[in-house]
Amino acid sequence: MSSKHLPETIAHVRITGQSWQQGKIEGEVSAASYEWEFQWHFRQGILIIQPSLGRALILEPLSRFLERSDYQLEPGSDYEFTVRALF
């Protein structure tokens with residue numbers, strides 16, 4: 001079995017807002033030299049990420065993180081997750 005190491009980048013997430021009435025969580029995410037703002041409309045399963053530069057790199061990993069963690073996320077809190085890619 002090969003011990004080949006997969007590339008990884010740590011993504012940092014800060015939750016800046018949350019509205020259960022609107023079904024929305026807002027925040028910022030950064031990985032390597034990229035920074036984005038996002039809105040997660042969890043009732044519709046819609047994730048909006050701005051700006052578009054590098055968005056394809058973070059869209060799927062951030063979506064998985066939010067789906068897994070949404071009820072535990074608190075405004076003003078910081079989180080991390082690992083992306084299996086080198087940015």
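This is a predicted model: local features need pLDDT of at least 70, side-chain atom pairs count only at pLDDT 80 or more; totals for chains, interfaces and linings use all residues.
Which residue in S3 does serine 30 stand opposite? Glutamate 35.

Residues are numbered from 1 along each chain as its sequence is written, and side-chain values use heavy atoms, with hydrogens and water left out.

Now the sheet. Strand S2, residues 24–31, runs antiparallel to strand S3, residues 34–41, and eight bridges join them. Strands here are DSSP runs of E, at least two residues, and helices are runs of H or I, at least four, numbered from the N terminus. Two strands pair if DSSP finds at least two bridges between them. Five strands make up the open, antiparallel sheet, in the order S4-S3-S2-S1-S5. S4 (46–50) and S5 (78–83) are the edge strands, each pairing on one side only. On average, neighbouring strands are turned by 25° against each other, direction ignored.

Next, the helix. H1, residues 55–69, lies across S1 (9–19), S2, S3, S4 and S5, and runs at about 120° to S5. Axes are lines fitted to C-alpha atoms, for helices over the stretch in contact, with angles from 0 to 180 degrees between N-to-C directions; contact means heavy atoms within 4.5 Å.

Last, the core. The largest nonpolar core has 19 residues; among those touching the most other members are Val13, Phe38 and Leu62. Such a core is a set of buried Ala, Val, Leu, Ile, Met, Phe, Trp, Tyr and Cys residues joined through side-chain atoms within 4.5 Å, buried being under 20% relative accessible area with a 1.4 Å probe, protein chains only. H1 gives the most to this core, four residues.

Definitions and conventions
Buried means under 20% relative accessible area, exposed over 50%, partly exposed in between (1.4 Å probe, protein chains only).
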